Amino acid sequence: MGSRGLSPAGEWEACGDRFYEKHELYTMAWSDVKLDQMRVACARYGGPIAMVRDDRKLVVVSGGITKPVVRIFTAAGETLAAFVWDHGRVAGLGWTNEEDLLIVENGGEVHMYSMHGQKLPRSFSLGSEAAAERITDCVVYGDGLVALTGAHRLWTVSNLEEPRPQKLALSGLTEPPHCFAVIEPRHTLSGCVEVLVAARDSVIVVDADAANDAGVPNGPITKLSVAPNGQFVAAFTGEGKLVVWTADFGKFLSEFATQSDTPPEQVAWCGTDSVVLYWEDILLLVGPYGDWVKYSLEEPAVLVTECDGVRLISDTTHELLRRVPDCLADVYRVGSTAPGALLYDARELFDQQNAKADEGLRSIVASLPEAVATCVDAAQAELDETRQVALMKAACYGRAFCSAEAFPRDRIVTVCRQLRILNALRAHGIGLPLTAAQAEALAMPVVVSRLINARRHLLALRIATLLGMGPEKVLVHWACTKVSAASDVPDAALRDAITARLAGCPGARYATVAAHAQAVGRKGLAALLLEHETCAAEQVPLLLGLGEEERALGAALDSGDADLVYLVLFRMQRTLPLQQFLAVLAARPAARSLFNAYCAQMEPELLEQINMATGVYEGVAAMRVREALAASAKLGRARSAANGAARAVEPAAAEVIRLLDRASDLYAQTKEHGFQSRSAAEWARLRRVQAELEAETGNAALLGLSLADTLRQCVRLGNHRAAARLRADFKVSDRRFWWLKLKTLAAAKDWEGLEVFAREKKSPIGIEPFVAAAKQHGAPDATVSRIIARLPDGKRKAEEYAAAGLLQEAAECAARARDSDMLSKLQDMIGTVSPLGVAVGQLKDRLQSGSR
Amino acid sequence: MAAILPNYNEGPLALGHLREEARRLLIELLDSRRGKKVLVLDPKVSGFLGLLAEVSLLKEHGIEQLLHLSTEPLGDLGVRNVIYLVRASIENAKQIAEQIKETNRVRAAAGFEYAVYFLPRRTIACERIFQEEGVYGDIVAGEFPLGFIPFDYDLLSLELGTAYRELVAEGDRSSLYGVARALTRLQALYGGAAMLKGKGPAAAAVRSLLLRMRQELGPEAPITGGGPIDEIILLDREVDAVTPMCTQLTYEGLVDETMQIKYAVGPQLGQRAKSIQSDYKTSKAAERSLAELKEFASQLKALPNIQRHIGLAEAVNRAIAAPAFRARVSVEQSLLDGHGLDASAESIEEMMCNEEDLFVVLRLMCLLSLTQGGVPKKYYDALRKEVLHSYGHEYMLMLSKLQDAGLLVKHEGGKGNFTALKRAFRLLVDDVDDKNPTDIAYVFSGYAPLSVRLVEAAVKGPGWGVGEEVLRLLPGPSFEVEQTSDDKGLPIEKPAQDRKLTGVSKKRRVVVVVFMGGITFAEIAALRFLGSQPEVNCAFVIATTKLINGTSLLESIVDDSIKTAKEVAVL
């Protein structure tokens, strides 16, 4: 095999059985950057580069400006923004997942900027404690940060949306750690951030709850680096060795002696299986099996780890150092006879119109699908466009001889589409040097978001359309950008321009654009745009922001979402004079009832004020009743604790009565609440009487009982005078009183009392309830019999006797009542043999003969 | 909590997915705080949490201890993380704030980390309370977007126990927002329904919320039609407040009436009960001897829990054999029939004298009011006064609430609508065969629940199946619309077209019936019976805000302040 056309293999470096390539991504567009004087932060996945003068290094400052300037570039070195830094000393800077720049001041303030240098409102502070200790170092990862203070303690913020500084459990260090590294929450078992701190002779694994010494024997560690998949950690030891462990230090993986006493300036992972060490002019790449490659560098560089390689950014160039993907190696490796390589050769011969092409193809006919797959994969992984074309051509050549089942047709289309996108992204003007592997790890929707953020709307829109993703996000962001840029276009015209684009896109959120318009001070435009918004949760807060509170309340009420109504009401309560606020509530019952519910719990005084002002006296009265309930409950507890010492609680008892009287007066203000007014007054009266009776009898078990229970208690205690008084005072009906008394007596098994009561003047409920109660509570037969005797009706009497098992009496009554059916029944029950049976038989016979 | 949760996937919709989703959310929530933790629950949440997750699952995810929400300071828990899982209510937020403040005061050194998860979402009112109480900075707030919880293979509940009170007595419609959200989620999971019918003010509100939510979703709104759900029927409890006031006379209903089915027992009971019920009708079971039941049960030895059922049946039997129970049912029957008003009022009075349970009395009073178009003047104040005298003046606020809710009002002339409704919907059925029922009326021994009659009419169609003039007798608007989308794919609503009823018989339609304000076990039984009728040819999935009976419905209306006051009185 000769050298394949276009083959890059000559520039590859072998490292063990694998190859590494250094591919130049860009010649930097910047010309005046001296990276070695800068603190640099490069966003992952080929994102923007931010830098600020490193005040830890001595630099000759030329020119008049003494304040440092923060500069932001694309990965191709095109300037995105520059602004003067006029805050405190920079302790660290870095990019978030959304490609916002975080700059941490040593005083603990964290500033956020967009990649275009606009200050974002989401800045926050690490708190006074951290501020007092001063921040000395800081690591920003995708969605959080870890800061080291001068007192050698660590603080973390793990959610930048809702920043909440949390102190990690590192303590007891007396000197600064040698270095530290962060394992991001998405890689830890606990789901929380872990920090590896190289201190003294070991490494301490720190999280919110604990700091554990990892027991690393090779200390002191001077450099630490965590692999991009969070699984491994590489360390440079004091003995000049590079050591790799699993991230929990549970397993030692490899060791490589560098022969260097000086620790490297940077240690970075190249993908997830090799590590790169950087000294001033040397780059040493160490593979997983101890193989190594040494590169010499002509100028200082910054290393940026990616999932499949490491980027080297220097003053003039931007390069990618990566392991050559296997598919590429298969095709281009010198002397490769892999099917993919042979297919590639065949295609070259075919292009040269050489008949050997066919021969080459035949030689791999059995493994043709594999060969095609290799070439497609290689094209996908290849960064050079000419070689992408050559590889794709080879794939198509082989594909033509494969059946549709053997190699899926759409795979080639998909990959071509992806390559078009990746090539467009890599173009110098865009400056997003993503490899296919990185693009896959990042996911296309995220790529689109990043383009939007970078204000590359047209490209974003095209990619979104090409991939069948909804264009709404792109359009909305475009509209926002348009609003910012077109400050001299009148509101209506701008609204029309925006709606013209957004109208074709059903999912577009007008509220987002409106919010932006409001934020840049175009309230009129915001109001116009909000008319197009369908989502109340988006609309309402914005209307509030625009000061259109009435409209906001209307929209919130329409949405049926109580939460939105509260949002508006709380705002109105703050901004409007009380009278006006009350007028708003009065006009909207739904809003009023929600506000009442809140006030009842949190601001009862205000509720009372509102109710009084709007004439809702029953509402105030109900509040008094509730207060009375609470007071009486408290009183009840106090009494049971004091065990009957009534004296101490008298004022409290009076208070309950006062509240009830007040409630009664308030209820009386409206004519619909007469019953409530009377009830409250009656209740107060009941409590007074109860208190008096307690004082009279010295028995403290009445206050708080219901009227019926009070009566029962009196009957039980035999206090008939008191019972009579209650009966008269509260107009208890005779029926009711009879029921109550007989049941109470029966339940207390006061048989004598029950009989006496049954003999009292004519019972308004008859005698049957007496019988039932006596039987229910197991009265002796004699008692039951005597009560039954009082029944007026002979037949009923016989039945009751029979039911009570008093058969003789039953028979006598039946006979007297001339009830022959009853007698037959009794006969059945008794049988005819016993003397009683015989007697009953005679009675029956007599009755029947008498009637004949 | 049940050891093994039934899977609920053999119904018309595989409802198990809903629970899986809820479990996943719960686990995510628990795992979001690392290490060992204490879980503090409001009692309403702890009730149904057992339907979502076993204790062992909670343990697996680091829960060391379960506590109920209170304002007492936390003790020495041995862990740092405290997770609150509570309904997003103002009361709960206030209690949490109190507890945290107290704990900070008493045990500042404990260094607890608080996370509060609100169901179904965090609200502005709650956060404002945290701010006002000065604990906002101590709390990580989140939400647990729980929707419908499966209670049986065809039964979903939101477990919003106070929905009815809020709707009818307090004018707070936030529960409807929850209903609409849960229905939107349900349709996102199983596909949208093409038809939407509803009756009552709450139904109309949910309809407009549903449309709004679909429109907010835009092109992502669930596609309607073609999915397993054919139709959604929204019913407002307010449309039929009569039914819950009646004593349920099915097996599950009786168990519920006599011992109040609580969360975990219910569904299992339902499953077992069905097999028993088919052979053995306990409704009016007084005639059947227990020996027979025991013998019957012995044939079913294979079924687990049968012993528990015998115990339940015995207890139910004792309760329904009592004269008080018979008296209560007979008053109900005569009120439904519409005669013997004076005798009924007298019986109610007598029950109070006999210290019958307050809620039984109130149910009869409400039934009287609802069936006769209000309580006649001569009884209105007298009966209410009697309630206060017998059970305590503490209940005066409750009586006002019942009045506000329209459940217990004064007769202001006219006959009320119930008489007309009885005729229009054939609510009273004379010859009911309990053993081989042919009509839903068997669930109340001759009274067919109005709510289910409405559903019956709606599924038989066309439209609502009854005349406009009949629907007007019931509160709130009625509607029938088609959920669909315009040519741009945006969700819209269209007036329903007349469907040809000829093709209906082929496919068994799946109808989701939503009861806003709660549903009783008897109504569930009636709906299931209805679904089993060949001429109806529908499989019902029942969704509700809460499983209720008349007592629990009225209890939800009692002010909390009364409850505490009465508890003290019991001391």
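Trainee: In what order do the strands of the open sheet of 4 strands in chain A run?
Mentor: This is a predicted model, where local features need pLDDT of at least 70, side-chain atom pairs count only at pLDDT 80 or more, and totals for chains, interfaces and linings use all residues. Residues are numbered from 1 along each chain as its sequence is written, with chains lettered from A and ligands numbered from 1 in the order in which they are written. Strands are DSSP runs (E, at least two residues), numbered from the N terminus, and two of them pair if DSSP finds at least two bridges between them. Pairing here is antiparallel, and the order in chain A is E15-E16-E17-E18.

Trainee: Why is one side of strand E15 and of strand E18 of chain A left without a neighbour in the sheet?
Mentor: Strand E15 (179-183) and strand E18 (211-213) of chain A stand at the edges.

Trainee: Which residue is the bridge partner of A:Phe180?
Mentor: E15(A) pairs with strand E16 (residues 194-199) of chain A in the antiparallel sense, over 5 bridges. In E16(A), the partner of A:Phe180 is A:Val197.

Trainee: How many residues of chain B are in contact with chain A?
Mentor: Contact means that C-beta atoms, placed from the backbone, lie within 7 Å. Chain A contributes 50 residues, and chain B contributes 52.

Trainee: How many Å separate the centres of domain 2 and domain 4 of chain A?
Mentor: Domain bounds come from an automatic or database domain assignment. That assignment gives domain 2 (33-167) and domain 4 (327-570) of chain A, among others. Taken over C-alpha atoms, their centres are separated by 29 Å.

Key
Two residues are in contact if their C-beta atoms, placed from the backbone, lie within 7 Å.
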